[in-house]
Amino acid sequence: MPVHKVARTYVESLVLPCANSSLLGFALLMGFLAINFSLAEETTLEQRPWLDKSASPDERVSSLLSQMTLEEKVGQLNQSNGISGQATGNTKNLVADSALYQLISKGQIGSILNEVDRAIVNELQRVAVQESRLGIPLIFGRDVIHGFRTIFPIPLGQAATWNPELVTAACRTAAREARSKGIQWTFAPMVDISRDPRWGRIAESFGEDPYLASALSIASVEGYQGDDLSNSDSLAACVKHFAGYGAAEGGRDYNTTMISPSAMRNVYLPPFKAAVDAGVATLMCGFHDVNGIPMSVNKYWLNDVLRGEWDFRGFVVSDWDSIFETIEHGVSKDEQTAALAAARAGVNMEMNSPCYRNHLAELVSNGQLSESTLDDLVKPILRIKFRLGLFDQPYSEPNSERLLLTKNNLELAQKVARQSIILLKNEDGTLPIKKSQIKELAVIGPLADSKRDQLGTWIPDGKEADSQTPLAAIRATAKLHGTEVLFVPGLEDDFDRSTERFAEAVTVAERADLVILIVGERANISGEARSRAILDLPGAQNELISAISEVGKPLVLIVQAGRPLTIGKQVEQVNALLYSLHAGTMAGPALADLLWGVESPSGKTPVTFPKSVGQVPLYYNHVNSGRPPRPYEYEKDKTVDDSINVELGYNSNYIDVGPYPQFPFGFGLSYTAFSYGEVELSAAKLRDGETLAVRAPVTNSGEVAADEIVQLYIRDLVGSLTRPVLELKGFRRVRLAPGETSIVEFALPVSDLAFYNNDEERLIEPGEFEIFVGGSSLAPKVGKIEIVK
Ligand code: BGC
């Protein structure tokens, strides 16, 4: 083999902090190159044949693996937390003094999470690459959940856009920003189906529907990973939390789940399967147990299904300490049994806890775990490192500050936010604001100017200073129209229970021609470990809404929250309602655009909004009962009447609030009206292998251009299992000018009508299916087809 020189680059921490001015940047780049050169280490491909870029990742993995000791193999399976924030000082000393230093230099760590100080990232990487025996680079992971520095709407808000292309663009932007800081791997997307708004992590999810979540799962993976993981703006994605974590009993985070095999296959797994088919690099297993077996040691789902049946070739990382926690679950006696069970189940990398680090080598030495099983755990990790190009370019380059929070990034964030906000009520065309009629505008509410809260949960790298709030954006827009803005928060914050400042708010409302009242949930009461048993607006916000509504001025309510809240009574007290699922950095300008009609609202609920927490779980695609209640009628069912009615008969109901939601799935209004013409179905009878074409004429019958989300649903009338009363099978966002008609076409392959039974058999059963097309899950029936053998 010819001898090549393999250059090692190393970014000296000194050059990093001041790379802003272009002249200085140029000088520093020269310095950077000089340092690279001086630190260049010569390695021959004969010594390290896995550095040969012309070999395939699999060949490179085999040649590297053949050189690794048992300890080095185990080393790759350990992920440790970073050291930023633990101390300050010179980067080199910080790293050299850290406990991690010894581990990395001995090749005992494969990955670091939560390290975003680029100088530290590069110094840790230098230790791995230059000081460990084989020079295997570390992979740096981070929770880049809905943006890195430019914060996009929370994933539930992204789901409300029903716009996969936009979700891809948002993830691409997040990847570009994060990779510029040395991050190579994000722990996203989270695709846990959630039917329970009590669960705080519903904020991080794409909602309740497997079809919508699958489409957005693919969109996210494509966005983060791009065409090639080794691109300088790609991140390896990590689909999580495999699987069924969102079914936590009672909506209590980390709680046990009971999921039938058919529900697992039909409801919880599809978005994971979609991510795997889209080439997701990694997957995280959840903290929870499914039917008694914690996912971190669940051989059936992780090994047999994920690897065996789905042929997943990436790697599985545990959740934080989740292997260790199987001891607390009571299925592992100690760290060693936990390590053995997780390794046998196929968890490649252990996040944070030390079960693998402390016990795997011994388990192999004493024969309890075969070395080939260990090899099978190591290989996918190395393969992803090769695919990310880490062996070829392990370091993060300087001068990347300009990639963060750029004009384009902010414009995109504003667009995503705009499409994510849902108009839930608009009595008598209260919105958009009629410029000429509004001289004085009152803005009231504790979340009108809260920079932190609009960013939502999981923004480790977001900065509240970057947020453009609704108040700031309303002021800026109002100024353009010569409208005066009067602002009074009314409450100190969303938790405030004091009504002391209401009088001031009422006075301002009395003066104004229109009142915008901005309430909601602060950012940190949704997300991980933030389950709520009460879904009302916290503090005295409901009382504030009552006080302001009594003034009698046109009242627009804006709710900023991480989940659906129970706001039925409040809806009745206001004229218009915009629901913003924590919409990120640009939430304010996006809301202003919608308030003044720069754009018509187009978001649709990605999850059912209950009237009362006692109705939960409440979701549109439930199976039918033998005693269903009377059919849902939105106009009749939208008000909350909690008086007890025992005359409802013996059917599946609540005698107080009834069985129907506040807002159904897929629902959202617009400033225009859409009408649907006669829908054509291409066939009345179909066989497996064939595809039904559905053609729906949709007309913008109102006066402004707007987007509609056209939705296709089916109902399988008779099955060998009880079947959902409705299932989403297609959706399309279309933009229509006033008066314009578009024929929206869906291709529905018969294979999409398949479902799994409790023996986990995939069935396409002959019989009749109803077809529904419309702008929400209230879509009318448009026809019927029959599947024949
Ligand atoms: C969460 C994961 C997250 C991990 C690393 C855990 O607590 O469940 O979703 O990726 O922490 O921060």
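Residues are numbered from 1 along each chain as its sequence is written. In this predicted model, local features need pLDDT of at least 70 and side-chain atom pairs count only at pLDDT 80 or more, while totals for chains, interfaces and linings use all residues; side-chain values use heavy atoms, with hydrogens and water left out.

Some backbone features deserve attention next. In general, most residues other than glycine have a negative phi, and most peptide bonds are trans. A cis peptide bond, with omega about -25°, joins Phe242 and Ala243. Ala243 belongs to the loop between β5 (238–242) and α10 (261–268); helices (H or I, at least four residues) and strands (E, at least two) are DSSP runs, numbered from the N terminus. Another cis bond runs from Val616 to Pro617, with omega near 0°, and Pro617 lies in the loop between α22 and α23. Asn291, a residue other than glycine, has a positive phi near 50°. Its loop connects β7 (289–290) and β8 (293–294), and Asn291 is partly exposed, with a relative accessible area of 40%. On this scale buried means under 20% relative accessible area, exposed over 50%, and partly exposed in between (1.4 Å probe, protein chains only). Glu760 is likewise not a glycine and has a positive phi of about 60°; Glu760 is in the loop between β24 (755–756) and β25 (762–763).

How many residues of helix α22 (residues 587–595) are buried? The count is 9 of the 9, so the helix is largely enclosed by the rest of the structure. Among the elements that cover its buried residues are α17 (407–420), α18, β14 (514–520), β15 (555–561) and β16 (576–581). Just after α22, Gly597 takes a positive phi of about 75°.

Leu447 sits in the loop between β12 (440–444) and α18 (470–480). Is Leu447 buried or exposed? Leu447 has a relative accessible area of 2% and is therefore buried. Not counting residues up to four places away in sequence, Leu447 touches Asp453, Pro470, Ile518, Val519, Gly520, Glu521 and Gln560, contact meaning heavy atoms within 4.5 Å. The C-alpha atoms of Leu447 and Leu517 are separated by 8.8 Å, although these residues are 70 apart along the chain.

Ser670 occupies the loop between α23 (634–637) and β17 (674–676). Because its relative accessible area is 15%, Ser670 counts as buried. Its side chain makes a polar contact of 3.1 Å with the side chain of Ser600. A polar contact is a pair of N or O atoms within 3.5 Å; within protein, one must be able to donate a hydrogen and the other to accept it, and residues adjacent in sequence count only if both atoms are side-chain atoms. A polar atom of the Ser670 side chain also lies 3.0 Å from the backbone nitrogen of Thr672.

Ser701 is placed in the loop between β20 (691–700) and β21 (706–716). Ser701 is partly exposed, with a relative accessible area of 46%. Leaving aside neighbours within four places in sequence, Ser701 is in contact with Thr672, Ala673, Phe674 and Ser675. The C-alpha atoms of Ser701 and Gly739, 38 residues apart along the chain, are separated by 5.4 Å.

The last region is an annotated one. An unreviewed UniProt entry places the feature "domain: Fibronectin type III-like" at residues 708–777. UniProt positions are given in the numbering used here, feature names are shortened, and annotations may be inferred rather than shown by experiment. Over residues 708–777 the chain is 57% strand and 0% helix, with its end C-alpha atoms 14 Å apart.
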